[in-house]
Amino acid sequence: GAIVLVFVFFGMPSKTGSMGIGSVARVNDALISIADFEKEEQRIQRIQEYYAKMFGQPNTFSVERQREMKRQALQSLVNLELVSQASNAEGIQATTVEVVDLIRQTPDFQQNGQFQSDLYFRLLEANRLTPSDFEAKIRKQVEQNGAMRFFEIAAAPYHLELEKEKALKETKW
């Protein structure tokens with residue numbers, strides 16, 4: 001399908017002025033919210049700050065670098081949505097059992113190797129996430145992993161192709 005991106009990127013309110021309402025892009029029929037964009041931008045900024053600190057560079061970022069981080073954040077969210085849409089188109093969908101298992105296996109929600117629901121809810125609340133929003137993100141992640149496996153298998157060469165390639169390498173002209 002055609003990919004239609006509508007950028008409201010340059011007219012977007014500042015971080016302090018936005019309330020997470022609205023969208024920054026449209027990927028087919030799906031909207032990428034300002035809130036998701038800001039969270040992804042913050043994630044990328046934290047990674048950049050970590051590497052700057054690791055290599056002894058200053059934490060300040062130029063206006064150009066900040067624009068690049070915004071572009072990276074948007075591209076990351078668009079790519080995630082495209083993979084999610086592709087996986088749904090191929091019938092790759094995460095089951096509730098897969099989502100629950102992944103959440104239960106997450107070390108951040110465990111104490112002494114056991115899942116703790118109160119810890120789960122506290123951590124979600126501390127990160128300003130609702131369980132349904134978090135589970136939707138986990139569902140997309142599971143679907144993305146399934147799509148990646150599907151595309152890797154589809155892109156892998158067949159046994160016959162490998163044999164022909166080997167024969168061509170052995171052929172002397």
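**Exercise 1. The aromatic cluster**

Task: Determine which residues ring pairs link into a cluster in this predicted model.

Solution. Ring pairs join Phe-109, Phe-115, Tyr-120, Phe-121 and Phe-134 into a cluster. Across the model, the count comes to 7 aromatic pairs.

**Exercise 2. Geometry of two ring pairs**

Task: Classify the pair Phe-109 and Phe-134, then the pair Tyr-120 and Phe-134, and locate each pair in the chain.

Solution. 
1. Planes over 60 degrees apart count as edge-to-face, provided that the ring centres lie within 6.5 Å.
2. The ring centres of Phe-109 and Phe-134 are 5.7 Å apart and their planes stand at 90 degrees, so this pair is edge-to-face.
3. Phe-109 belongs to the loop between helix 3 (96-105) and strand 3 (110-111), while Phe-134 belongs to helix 5 (residues 131-155); the pair therefore ties together parts that are 25 residues apart in sequence.
4. For Tyr-120 and Phe-134, the centres are 6.0 Å apart and the planes lie at 65 degrees, so this pair is also edge-to-face.
5. Tyr-120 sits in helix 4 (residues 117-126) and Phe-134 in helix 5, 14 residues apart, and the pair links distant parts of the chain.

**Exercise 3. Accessibility of the rings**

Task: Decide whether Tyr-120 and Phe-134 are buried or exposed.

Solution. 
1. The cut-off for buried is under 20% relative accessible area.
2. Tyr-120 has a relative accessibility of 4% and therefore counts as buried.
3. Phe-134, at 15%, counts as buried.
4. Phe-109 and Phe-134 are both buried.

**Exercise 4. A salt bridge between helices**

Task: Describe the salt bridge of Lys-137 and Asp-36 and the exposure of each residue.

Solution. 
1. The side chains of Lys-137 and Asp-36 meet at 3.2 Å, N to O, in a salt bridge.
2. Lys-137 has a relative accessible area of 38% and is partly exposed; Asp-36, with 28%, is partly exposed.

**Exercise 5. Salt bridges within a helix**

Task: Locate the salt bridges of Arg-67 with Glu-64 and of Asp-118 with Arg-122, and assign the exposure of each residue.

Solution. 
1. Arg-67 and Glu-64 form a salt bridge at 3.7 Å, N to O. Both residues belong to helix 2 (residues 63-89) and are 3 residues apart, about one turn of the helix.
2. Exposed requires over 50% relative accessible area. Glu-64, with 52%, is therefore exposed, whereas Arg-67, at 48%, counts as partly exposed.
3. Asp-118 and Arg-122 form a salt bridge at 3.4 Å, N to O. Both lie in helix 4, 4 residues apart, about one turn of the helix.
4. Asp-118 is partly exposed at 43%, and Arg-122 is partly exposed at 49%.
5. The count for the model comes to 8 salt bridges.

**Exercise 6. The chain as a whole**

Solution.

Methods:
Residues numbered from 1 in each chain as written. Predicted model: local features only at pLDDT ≥ 70, side-chain atom pairs only at ≥ 80, totals over all residues. Heavy atoms only, no water. Phe/Tyr/Trp six-rings, centres within 6.5 Å; stacked < 30°, edge-to-face > 60°. Helix = DSSP H or I, 4+ residues; strand = E, 2+ residues; numbered from the N terminus. Buried < 20%, exposed > 50% of the residue type's maximum accessible area, 1.4 Å probe, protein only. Salt bridge = Lys/Arg side-chain N within 4 Å of Asp/Glu carboxyl O.
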